[in-house]
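Here is my note for a colleague who is new to this structure. Please keep the view open while reading the points.

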Amino acid sequence: MKVVVIGAGIIGLLTALRLKQQGVDVVILEKGKVAQESSWAGAGILCPIHPWLYPDSFTELVNASLALYPDLQAELESESGHGIQRIKSGLLIPCFVDDKAKHQEAAQLWSDKFGWDMQRLTAVQAVTKEPTLSPDVQEALLWQDVYQVRNPDLLSAVLFYLHKLGVDVLEQSEVTQLIENGQGHVCGVETVQGRTYDADAVLLAAGSWSAKLAEQSDFKLPVQPVKGQIVLLKTEPNTLKHIVKHDDAYFVPRRDGRILIGATMENVGFERSNTAEALSALLAASKRLVPGLKDAQVEQQWMGFRPGSPDGLPFLGEVPSKKGLWVATGHYRNGVALAPITAKVMADWICGAQPSLNMDAFAPNRPLQESASVGYPKA
Ligand SMILES: Cc1cc2nc3c(=O)[nH]c(=O)nc-3n(C[C@H](O)[C@H](O)[C@H](O)COP(=O)(O)OP(=O)(O)OC[C@H]3O[C@@H](n4cnc5c(N)ncnc54)[C@H](O)[C@@H]3O)c2cc1C
């Protein structure tokens, strides 16, 4: 069996790896350079932001994905020799007087229902754990079991393993067209150079750019870019121990003392600049939430395009009107957390095995309900 994967982000790469392991002849076509877009830019938090705002089917998918991470880490690290820096840093959400009780009850209910251990900390306990936190914190919610991963290391390990298995990952190979046979069955692709690739199945994993190819083939895939800017601070190791988040701002401490502050949520199309406005908004969040970081150096700023969907859920499965065309895209804010289960389900499914999870909520042609809380922001 031959499969063409369109897009070398974490979704395309990891799914290609799982396909190859099932004996599939797989090639990955990438329009630019591999692993440089959203998957490189993301923060690597292995837990959704405000998961209680999503439907239960989403948490079930997340939990199934996170359960695969320990084995994935062991496999990638032993096959590639690269550490992926998956560490259990825990997630702490401080609560201030003006947002007291906003999330606490929903978070507790969600945690109890889905088996996440959540503790409620007093202000003193919170500041004892994280001395750089604001003295205005009233209480905090703590999930000890939340992990993070360092995206570039994860991607390097997957790429190394793919190369070891002999999978072709072709850069500067933008797919411009899906090729169909007379019966509306997708049987290959054509690249910008005019080169064609035959396939028994094509997987569209083109992140924020997925809608364009879909549209050319007359089906609607409402994925759109949601720009996220990030600022990197340099501090001493352990200045911050937990991932700290509040509303849309989060602080992710790496082992080497670097702290990533993320992230803006901008509906500005494919506009790539790093702006002064975003820098000042992220630093203002730092001043309010973790004022103890005031002496940290600003080291770097970058951005990426999250593949946003209207209801916050990914699109996974075969396109009913286009046999042979599969999609795995629209992972929006959660693609790194969801990559292991996406790769497993999609590879098994393409190879003929029905997924054990119910995937109806993620069907490419599901009736869409826009969600103001977890869907992409309106222009
Ligand atoms: C600032 C920020 C913070 C984030 N934080 C987190 C987090 O903490 N946790 C988490 O789980 N997720 C997070 N995410 C989201 C996560 O990064 C994405 O959901 C995930 O990376 C999507 O992976 P992907 O492979 O679908 O897309 P991408 O990584 O964007 O890859 C798609 C690839 O397809 C290529 N492509 C597009 N069109 C074509 C074409 N026609 N032909 C060939 N190739 C094509 C692109 O060049 C690109 O390389 C964050 C994202 C951002 C931007």
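The points below take the ligand site, then the sheets, then some backbone details.

1. Basis. This is a predicted model: local features need pLDDT of at least 70, side-chain atom pairs count only at pLDDT 80 or more, and totals for chains, interfaces and linings use all residues. Residues are numbered from 1 along each chain as its sequence is written, and side-chain values use heavy atoms, with hydrogens and water left out.

2. The shell. Start with the ligand.

3. Glu30 places a polar side-chain atom 2.6 Å from an oxygen atom of the ligand. For Ser38, a polar side-chain atom lies 3.2 Å from a ligand oxygen atom. Gly335 uses its backbone instead: an N or O atom there lies 3.0 Å from an oxygen atom of the ligand. The protein covers 98% of the 1,000 Å² of accessible area that the ligand has on its own. Such areas come from the Shrake-Rupley method with a 1.4 Å probe.

4. Where the shell comes from. Helices (H or I, at least four residues) and strands (E, at least two) are DSSP runs, numbered from the N terminus.

5. The eight-stranded sheet. This open sheet has the order β5-β6-β4-β14-β15-β16-β13-β17, with mixed pairing. Its edge strands are β5 (118–122) and β17, each pairing on one side only. The twist averages 20° from one strand to the next. Two strands pair if DSSP finds at least two bridges between them. Strands β4 (residues 91–95) and β14 (residues 243–246) pair in the parallel sense over two bridges. Leu91 stands opposite Ile243 in β14.

6. The three-stranded sheet. A further open sheet has the order β9-β10-β11, with antiparallel pairing. Its edge strands are β9 and β11, and each pairs on one side only. Here the twist averages 25° from one strand to the next. β9 (residues 175–180) and β10 (residues 186–191) run antiparallel, joined by five bridges. In β10, Thr191 is the bridge partner of Val175, and Glu190 stands opposite Gln177. β10 also runs antiparallel to β11 (residues 196–198), over three bridges. Val189 stands opposite Tyr197 in β11.

7. Two hairpins. Look at the turns of this sheet. The hairpin of β9 and β10 has five residues between the strands, and Gly184 takes a positive phi near 70° there. In the hairpin of β10 and β11, four residues lie between the strands, and Gly194 takes a positive phi near 85°.

8. Backbone points to check. Which residues does a cis peptide bond join? They are Gly262 and Ala263, with omega about -20°. Ala263 sits in the loop between β16 (258–262) and α8 (276–289). His50 also deserves a look: its phi is positive, about 50°, although it is not a glycine. His50 is in the loop between α2 and α3 (56–80).

How values were computed. A polar contact is a pair of N or O atoms within 3.5 Å; within protein, one must be able to donate a hydrogen and the other to accept it, and residues adjacent in sequence count only if both atoms are side-chain atoms. Axes are lines fitted to C-alpha atoms, for helices over the stretch in contact, and angles run from 0 to 180 degrees between N-to-C directions.
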